[in-house]
Amino acid sequence: MNYLLTDEETERLYFRLVTKDDFDSWLPLFKEERIDEFLGMPKGLSQIEQCEFWFNKVFHRYNNNLGGMNALIDKRTDKLVGQSGLLIQTVEDEERLEIGYSILPEYWGKGYAQEAAIKCKDFCFEHEFTDNLMSMMHVDNIGSEIVAKKNGMTFEKLVDEFNVFSITIDTWQKQHQ
């Protein structure tokens with residue numbers, strides 16, 4: 001199943017595959033405090049090692065049909081503003097589909113994560129990939145929690161240090177009537 005949103009668009013964004021050429025543009029994300037915790041990454045890596053870890057994960061997902069993050073490109077400026085997509089995750093021994101989103105710090109607070117997350121949700125349910133979609137975020141990542149709530153998701157459970165928010169296809173359908 002191809003969960004990638006490649007060539008999809010929103011009002012301000014278009015989705016494309018992440019490429020190695022995006023590496024330098026993505027580096028600023030890893031200057032942020034606690035980003036390793038928020039993204040569930042190993043501790044103690046340098047900024048470059050964190051970015052390499054991230055990119056290896058993105059390409060591993062692409063190569064193993066595990067969904068993945070698409071690059072989010074601002075249509076007006078043609079600049080990379082973030083990454084978002086549908087990811088296969090294992091949560092408490094159950095394979096689930098997750099909406100992932102990460103936005104470069106200079107674009108925080110501008111609604112890009114919300115716009116991308118809504119597109120991911122609609123794309124997922126329009127293609128009937130699952131009947132229960134989730135987003136997971138570190139308990140201290142309030143910005144991501146707000147995005148999940150604005151995306152119609154409700155708190156489901158706490159898993160380790162991560163909150164799981166979810167929405168069912170039935171709820172989504174009711175919102176679109």
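The largest pocket of this predicted model is lined by 41 residues, and those nearest its centre are Leu39, Tyr101, Ser102, Asn141 and Ser144. A pocket is here an open set of points on a 1 Å grid over the protein atoms alone, where a 1.4 Å probe fits and protein lies on both sides within 12 Å along at least five of seven lines, and a lining residue has an atom within 4 Å of a point. The space in the largest pocket amounts to about 1100 Å³, a volume being the space filled by probe spheres set on the points, which are joined across faces, edges and corners. At least two lining residues come from each of H2, H3, S3, S4, H4, strand S5 (132–138) and helix H5 (142–150), and S4 gives the largest share, six residues. Helices (H or I, at least four residues) and strands (E, at least two) are DSSP runs, numbered from the N terminus.

Residues are numbered from 1 along each chain as its sequence is written. Local features need pLDDT of at least 70 and side-chain atom pairs count only at pLDDT 80 or more, while totals for chains, interfaces and linings use all residues, and side-chain values use heavy atoms, with hydrogens and water left out.

Gln50, Cys51, Trp54, Phe55, Val58, Arg61 and Tyr62 are the buried residues of H3, where buried means under 20% relative accessible area, exposed over 50% and partly exposed in between (1.4 Å probe, protein chains only). Seen down the helix axis, the buried residues of H3 fall within an arc of 130°, so they line one face of the helix; the arc is that of the directions from the axis to the C-beta atoms. An α-helix has 3.6 residues a turn, so residues three or four places apart point the same way. On the other side of H3, Asn56 and Asn63 are exposed. The buried residues of H3 pack against S1, helix H1 (23–26), helix H2 (35–38), strand S2 (67–74), strand S3 (80–91) and S4, contact meaning heavy atoms within 4.5 Å. After H3 comes Asn65, with a positive phi near 55°.

In strand S5 lies His138, which is buried at a relative accessible area of 2%. Leaving aside residues up to four places away in sequence, His138 touches Arg34, Glu37, Phe38, Glu161 and Phe162.

Across the whole structure, 10 salt bridges are found, each a side-chain nitrogen of Lys or Arg within 4 Å of a carboxyl oxygen of Asp or Glu. One of them joins Glu115 and Arg12 at 2.6 Å, N to O, and this pair links distant parts of the chain, with Glu115 in helix H4 (residues 112–126) and Arg12 in the segment before strand S1 (13–17), 103 residues apart. Glu115 is buried at 16% relative accessibility, whereas Arg12 is partly exposed at 27%. Another salt bridge pairs Arg96 with Glu156 at 2.8 Å, N to O, and connects strand S4 (residues 94–103) with strand S6 (residues 154–159), the two residues being 60 residues apart. Arg96 and Glu156 also belong to a network of salt bridges that includes Glu92 and Lys157.
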